[in-house]
Protein chains: 2
Amino acid sequence: MNAGRKPTREGGLEAAKSIGAILPPTPLLPVEIAGTRAFVKAENLQPIGAFKIRGGWWRLSSLSEEERAGGVVAVSSGNHAQGVAWAAKRLGIKATIVMPRDAPEVKLANTRALGAEVVLYNRPGEDRDEVAARLIADQGGTLVHAFGDPWVIEGQGSAGVEAQAQLGRQPSRFIVCCGGGGLAAGLALACPDTAIHVVEPAGWDMVGQALATGSIVSAAEDAPRTICDALQPTATKQLNLDVLKERAEPGVTVTDDEVREAQRWAFANLRMVIEPGGAAALAAALAGKVSVDEDTVIMLTGGNADPARFAQTIAAGV
Amino acid sequence: MNAGRKPTREGGLEAAKSIGAILPPTPLLPVEIAGTRAFVKAENLQPIGAFKIRGGWWRLSSLSEEERAGGVVAVSSGNHAQGVAWAAKRLGIKATIVMPRDAPEVKLANTRALGAEVVLYNRPGEDRDEVAARLIADQGGTLVHAFGDPWVIEGQGSAGVEAQAQLGRQPSRFIVCCGGGGLAAGLALACPDTAIHVVEPAGWDMVGQALATGSIVSAAEDAPRTICDALQPTATKQLNLDVLKERAEPGVTVTDDEVREAQRWAFANLRMVIEPGGAAALAAALAGKVSVDEDTVIMLTGGNADPARFAQTIAAGV
């Protein structure tokens, strides 16, 4: 059961062991930004193309036999969906995923290809948590929240444990793409001496605002559009804020243009595909909004880019 | 001096040590092709975006003090150029690179950015080896051939030593993108018990034809166009053929469409950018032209894709 459990550093270290036994570490690659060396952690190269495989695996593999038999229900804009579906397939657990109708087609298709049942909702308008709650009331199952879940937070934190081992020393700072704050909180717990810089899309800085005000802030009804489909939570959760308010630096935001520039930079300099939401941290570093040093690790969190939109972004830089 | 030196397995192992001291191993990533697991070796993630950094480093770092002082001259369609320029910059050696006027702009720009002097020639029409010979007659310097050089062959072979260490066992086969045959020959020497499958663009199978006939074959004057700009040698060299005729399987060719399909597959499934010539081996595997097993390593040799053409390829798959 979830109720009352808090994510811990020990949990993150356990998660790293469990995940290290089934997935090879993602590459930690050197980069040069404005003449300074730093590192990127290529979570876009995970089998599902995103770090969410970590939290999905740790949550599902921690379920009791009885919980496994009842199946899981998750809500996700696409990458958590694939992480849960991947883990569910591997563990033989039935997965139902609530996804927004406007999620990138590639994410919907990949989630279905992993064997999960997808239930669509309208964004904005319907509350995805309510849709999930109705499903659970009807058919049972355990909710696997995309970020407000202690196991999910610990699982994501395993990326930090891995990066530190690859670097051979404590990273000075993590620059992290941030939606609900699951990865950021996980890294904060796993690497207690590393500074945490969360980066969010302009107008969707729900974690940055929560850090500034000390309490949870919901997205405005008229929040601007963003190309970062993976970074649009309606609000962070208390579980995440409790960790981050002790550990995170003030939040930073990036514009769509800065994100596209980072996608083009990764294409030309790293030869990697980064989806918009996965490029937010890199965008902040390239724009000089967070400074880097040789012990900085920039998280590239996802690579599930819509082909037509990615092509447009790349062609626009020529 | 080059004259008479033959590339050896021992040279490849030495090269692997030297290269391992300055460059982290490129990722060896699991893939699933038609239901079978196999591996890709992501040489597109090298700092210059291609495996050519290996041969460039091993050749230049093996030069005598006197040779270093005289500078180097290389001929290249783009990736060898960057490999030589990268090594020359690091070792403080003057590099002059003869490149075709129609090389992708990204490769010309990257070579110049690494500090090399670029001399352009017209393809077809001018013989690039003659342009290089004239330069050396005029200004001196050591020729660093793109594939017909024993150190270059040994250096490229270090990718095989690395892949075998990462796999933890002898690969059953390497599927290799092939231009002049430098990488293929290097892998053949470095991993004597691994089958070597060379893959070339249709109409540009100069190595495949040399393997079939036992002697060097030159490209036809009316050879068809290919999008694989990196795989258009006028002919292989005796040094390469001598190794490959003892070791390589019959050659395989791929069409432009098969290459584009492989680029799209890598985009969607690996979240990586592969240039056309770097996708030829993957294209052969995906098209079922070379079968794979769980100990197969497919070489992804380069990721320096022209942005506009890459965008077009990706968008065409939607």
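Q: Which residues is Arg54(A) in contact with, leaving aside its neighbours within four places in sequence?
A: The model is predicted. Arg54(A) has its place in helix α2 of chain A, residues 52-61. Beyond its sequence neighbours, Arg54(A) is in contact with Ile19(A), Thr26(A), Lys41(A), Glu43(A), Gln46(A), Gly155(A), Gln156(A), Ser158(A), Ala159(A) and Glu162(A).

Q: Is Arg54(A) buried or exposed?
A: The relative accessible area of Arg54(A) is 0%. The cut-off for buried is under 20%. Therefore Arg54(A) is buried.

Q: What is the length of the polar contact that joins the side chains of Arg54(A) and Glu43(A)?
A: Glu43(A) is among the residues in contact with Arg54(A). A polar contact needs N or O atoms within 3.5 Å. The side chains of these two residues are joined by one of 2.7 Å.

Q: How many residues does the contact take from chain A and from chain B?
A: Contact here means heavy atoms within 4.5 Å. Both chains contribute residues to it. The counts are 25 residues from chain A and 25 residues from chain B.

Q: How much area do chain A and chain B bury between them?
A: The size of an interface is often given as the accessible area lost when the parts come together. Carbon and sulfur atoms carry 72% of the area buried between chain A and chain B. The area itself is about 1,900 Å².

Q: Which element gives the most to the side of chain A that touches chain B?
A: Two or more residues come from each of α11 (256-270) and α13 (307-316) of chain A. The top contribution is six residues. It comes from α13(A).

Q: How do the residues of the side of chain A that touches chain B divide?
A: Nonpolar, polar and charged residues are all present on that side of chain A. They divide into 17 nonpolar, seven polar and one charged.

Q: How many salt bridges and how many residue pairs in polar contact lie between chain A and chain B?
A: The salt-bridge count between the two chains is zero. Polar contacts are counted with both residues at pLDDT 80 or more. That count is eight residue pairs.

Q: Why is Cys228(B) too far from the closest cysteine sulfur for a bond?
A: A disulfide needs two cysteine sulfur atoms within 2.5 Å. Cys228(B) counts as buried, at 1% relative accessibility. The closest cysteine sulfur is in Cys177(B), and it is too far for a bond because the distance is 7.9 Å.

Q: Which cysteine sulfur is nearest to that of Cys178(A)?
A: The whole structure has zero disulfides over all chains. Cys178(A) counts as buried, at 1% relative accessibility. The nearest cysteine sulfur is 8.9 Å away, in Cys177(A).

Conventions:
Residues numbered from 1 in each chain as written. Chains lettered and ligands numbered in written order. Predicted model: local features only at pLDDT ≥ 70, side-chain atom pairs only at ≥ 80, totals over all residues. Heavy atoms only, no water. Helix = DSSP H or I, 4+ residues; strand = E, 2+ residues; numbered from the N terminus. Buried < 20%, exposed > 50% of the residue type's maximum accessible area, 1.4 Å probe, protein only. Polar contact = N/O pair within 3.5 Å; in protein donor to acceptor, adjacent residues only side chain to side chain. Buried area = accessible area lost by both parts, 1.4 Å probe. Salt bridge = Lys/Arg side-chain N within 4 Å of Asp/Glu carboxyl O. Nonpolar A, V, L, I, M, F, W, Y, C, P; charged D, E, K, R; others polar.
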